[in-house]
Each structure stands twice: as structure tokens, then as C-alpha cells.
Amino acid sequence: MPDTAIAEAPAKAATGGNILQVRNLEAWYGESHILHGINFDVNAGEVVTLLGRNGAGKTTTLKSIMGIIGKRAGSVKFNNQEIIRATSDKIARMGIAFCPEERGIFASLDVRENLMLPPVVREGGLPLDQIFDLFPNLKERLNSQGTKLSGGEQQMLAIARILRTGASFLMLDEPTEGLAPVIIQQIGHTIARLKREGFTILLVEQNFRFASTVADRYYVVEHGKIIDGFSNSELAANMDKLHAYLGV
Amino acid sequence: MQALYAQLLVGLINGSFYALLSLGLAVIFGMLNIINFAHGALYMMGAFVAYFLLNLGGINYWWALLLAPIIVGIFGMILERTMLQWLTGLDHLYGLLLTFGIALIVQGVFQNYFGSSGLPYAIPDQLKGGMNLGFMFLPIYRGWVVVFSLVVCLATWYLIEKTQLGAYLRAATENPTLVRAFGINVPRMITLTYGLGVGLAALAGVLSAPINQVRPLMGADLIIVVFAVVVIGGMGSIMGSIITGFALGVIEGLTKYFYPEASNTVVFVLMVLVLLVKPTGLTGRAA
């Protein structure tokens, strides 16, 4: 297992400097120990994907970085600042945005209110016209109740609202889950465009075929640990291993 | 006929207090998930603060309308920070018992120092007297209470339903963890919301002081009816609390005219009927 190698020497920078550094990250849900020492890096401008089976600890990793897991230990550095003890509102204000797996669309808010909900935390967020350029459906449904949108539209709304905030580091948790292929393709185009515009993205995906269209690097999570990591150019060579890891 | 109109007016005034108090309860329940049994005691504190401001500081009614809600609101925020916040995630029963205990302590302290009889609080000069409307005589102060309460209720509804701050509040009611992960300081917002709900109770207390006098148990007498109003309107529903508050005040007033024997129980009979037909209340949503 290359676990130790990854812990000591995370995959190399693909583009800019190191923006996120996770070391020995552990997390608990109550008495359940979920993460057992996660180590990985994300570099500025990259799309990094966490792959793994259900229950491997991918979502918990994102939530731990975001500070919404009650008990966590280890080190998470964002732009060289330690955030392991910071509250989630402070982490968000440092420029990290989180799009949850369940999308988190608020039923008591219409689409416009959902879109405008996250406060702008720094300059550089996408203006509304650019957001509507990315997701034209949302413009037509601004006055609809958020939860009345289709699954794909809700996913677009969930991504759109964090683009307004000025956060440059986006964490997207299974953005393609339960969506039709045509919507998955649209989400893929959006992620590629966001990458071109300089966003750094940490993606959690079970669908590695989708991930392979957008990711620069991959880490495989199993039993709360990173057990392997490779770049997109190494994907073909690692396909058999990946199938074994993911059980596909 | 004059007696009917008079009872309607009394009903509207009671409805104003029901609406203001149940609105505060609804805001607090919606955001903190706490059944705030201390609400009646905080309403009483509003009236007492107005009394102290006038008799100890020479501060008149108009300033008391502003200062008493702020002072009692700050007291409420201290209660939330020091006690209520620890109940997050626990069964409703804990919040109910804690706030009930707080109510008993606060009322007990005031009763110890001021007894059970009422202390007088004069109607401000500008609102003394009345108007002959032809079909009835309208005391100006009572008309003012109805209009001012309605304005405050609608302003609160607007704040919660139509502003960005209100959107934060509504979203945090649904999913506080995610709202916090967007960069909003939810614990601070919860404290301020409790302060707002308590402030509304204190405002009702100030409005009530010239009509009902200032008594340590004035809130205890009212709070059970107000809880019935909230249950009928739908727990946590803002507009439901306002409409139900005024409507039940009027229904109670009409019952006093047509069948006085039932005037003290009509609200509870309605509550039972509503719970049987629509357990979430008239405007409440299922959990």
C-alpha cells in the first residue's frame, strides 16, 4: 500500500502553489472514529478528486476541512493558515466554499433568496450575469421555491450560490449524484470552466468516469485513509487498481 | 350594540397582546426550537422596566417603548448565552422545563419585592381621553395599542419574510450547520433572535402597563392563552401567530358579549378543535 508514501510526499503540484494541506486528519461522529489520518494536498488552480466507495470517509473529509464535524484532530492548513480549530463560519470567510451532497437547498427560500444567501466573503466572486450565463435555467426560475426545482437545477443552484461569494477554493460533494447524463455533462463543462477561471476545486465523486473528464489528480479513500494517489495522466495505467478499489 | 363594540375593542386589544407575545414565541421556537415558557415573565419585566424608568429615572412612556425592549432583550440574550444555548439538540421538554423554572424565579423575585397587587402606570398625556365614533366611544390609548401592535407585528413579519436578514433566519431554522458553513455566525444570530423575541414580549408589557397595571403575575395570567394562540396558529409560523392572535382576541371578545360563561375557555376549545382537525396548526407545516 502506498499510504505512507502519500503521507510523506503527497502528489506533486500540477499548477500553482500549495493551497490546502491536510495532515493526519482524524474525525469522529460521536463515538465512531471515521477518519484515521488523512493526508493530501491541493494546489492552486487544480481539480483534485477524492474517490472511494460508499462510507469510505470522502464526505467526512470535506466536512472536517469545513469544520462541520464536531470532533476532529490533525492539521488542515489553508493558504498556510491552520484551520483545524476554526469554526465553519470563519473557515468560509477565509475563502473556502462547500457544496454538500444533499445540495442543501432551503425550502423556505425562493431561488433568488437561495442564490443570494451566502454572504460575499471576499472580492472576486462571479457576478449574477456570469452565473446566469453558466446556469441559464436559474434565471428563469428565480421566483420559484428552491425545492421545487428539478434535481439538476437544484445542483446548479447549489454550485451557483457559492460562486457568488468570492471563495476561490470550492469543495463539491458528489455533484453528479442522481442526475441525468445530459445534466452531468453540463456540470462537467461548468467545473472545467471554473478551473479555467482560476478556481481550485476539491471534488468528491464515486463516478470516476465523470471525474476523469475534469480532474488533475485523484486520491483514493478507504476506511478513513488515503490509500493511493495519481495524476490524470497516470489514470489509464492505474485503471485495474482503481476498479479494484472502487469495486466496479 | 355599544356593549358589543366595546367587547370587540377589548378583544382587539387583548388580540394585540396575544399577537405580539405569540409572534415572539413563534420567532424563538422557529429559530431556537425552544418553547419559551419564560415569555410571560419577560413580558412582565417589560412593564416593570417601564415603571422603574418612569419612577426612578423620570423617563417617560415614549422612551420606555424603546428602552424597555432593549433592556429586557439584553437580559434575554444573557439567559440564552448562559443557559438556553446548552439545550441545543435536546428534547423540547428540557427547554420547556428550564424556561418554566426561569419564569417562576423571575416572578418570585418580583413578587417578593412588590407583592401581588398592581402598581399604577399612567397613560401618557398625548394618549389620554377618547373619541366618540358615533357608534361607540374609543379611548385613544386603546386605539393606539391596537394600531401600534399591528405595525410592530407587520414590521417583524416583513423583517423575517422579506429581508436578507430574514432569509438567514429562515435558512438557519432549516439547516443551521450549512448556513454557518456559508460564513454566517449562526450562534450570534440565535442570541439576537432570542433577544428580538424577548424584546417583543417586553414591548407588549410596556403597552399593557397603563391598561392592566404593573403586576408580577401579569405574564403568568396571559402566557397559557398565548401558548394556545401559538398552537392554533402553528408553531413557528410568523403570519399565523399574528392573524391568530388578533382573531382569537376578537373571538374571545365576542364570546364575552354573546356567552360570557365561555369567554375564558373559548380559546382552549378552539385549540382542541384545531389540534383534532389540523395538528400542525392553521398555518403550520408538518415537520
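The structure described here is a predicted model. Two packed helices are described by the angle between their axes and the distance between the axes.

In chain B, helix H3 (residues 61-82) packs against helix H8 (residues 186-212) at an angle of about 140°, and the two axes are 7 Å apart. H3(B) and H8(B) are therefore oblique to each other. The crossing of H3(B) with H8(B) is right-handed. On the side of H3(B), the residues in contact include B:Ala64, B:Leu65, B:Ala68, B:Ile70 and B:Met77, together with B:Glu80 and B:Arg81. Among their counterparts in H8(B) are B:Thr191, B:Tyr194, B:Gly195, B:Val198, B:Leu203 and B:Val206. By class, this contact of H3(B) with H8(B) comprises 14 nonpolar, six polar and two charged residues.

H1(B) contributes B:Phe17, B:Tyr18, B:Leu21, B:Ser22, B:Leu25 and B:Ala26 to the contact, whereas H9(B) contributes B:Leu222, B:Val225, B:Val226, B:Val229, B:Val230 and B:Gly233. Ten of the residues in the contact of H1(B) with H9(B) are nonpolar and two are polar, while none is charged.

The contact between the two chains involves 14 residues of chain B and 19 residues of chain A. On the chain B side, helix H6 (164-174) and helix H7 (176-181) each supply at least two residues. The most is given by H6(B), with five residues. The side of chain B that touches chain A consists of six nonpolar, five polar and three charged residues.

Chain A contains an open sheet of four strands in the order E2-E1-E4-E5, with antiparallel pairing. Strand E2 (32-43) and strand E5 (81-82) of chain A lie at the edges with a single partner strand each, so one side of each has no neighbour in the sheet. Strands of a sheet pair through backbone hydrogen bonds, either parallel or antiparallel. Strand E1 (residues 18-29) of chain A runs antiparallel to E2(A), and nine bridges join the two. In one of these pairings, A:Gln21 has A:Asp41 of E2(A) as its bridge partner.

How values were computed:
Residues numbered from 1 in each chain as written. Chains lettered and ligands numbered in written order. Predicted model: local features only at pLDDT ≥ 70, side-chain atom pairs only at ≥ 80, totals over all residues. Contact = placed C-beta atoms within 7 Å. Nonpolar A, V, L, I, M, F, W, Y, C, P; charged D, E, K, R; others polar. Axes fitted to C-alpha atoms, helices over the stretch in contact; angles between N-to-C directions. Parallel < 35°, antiparallel > 145°, perpendicular 65-115°, else oblique. Left-handed = near helix turned anticlockwise from the far one by under 90°. Pairing = 2+ DSSP bridges.
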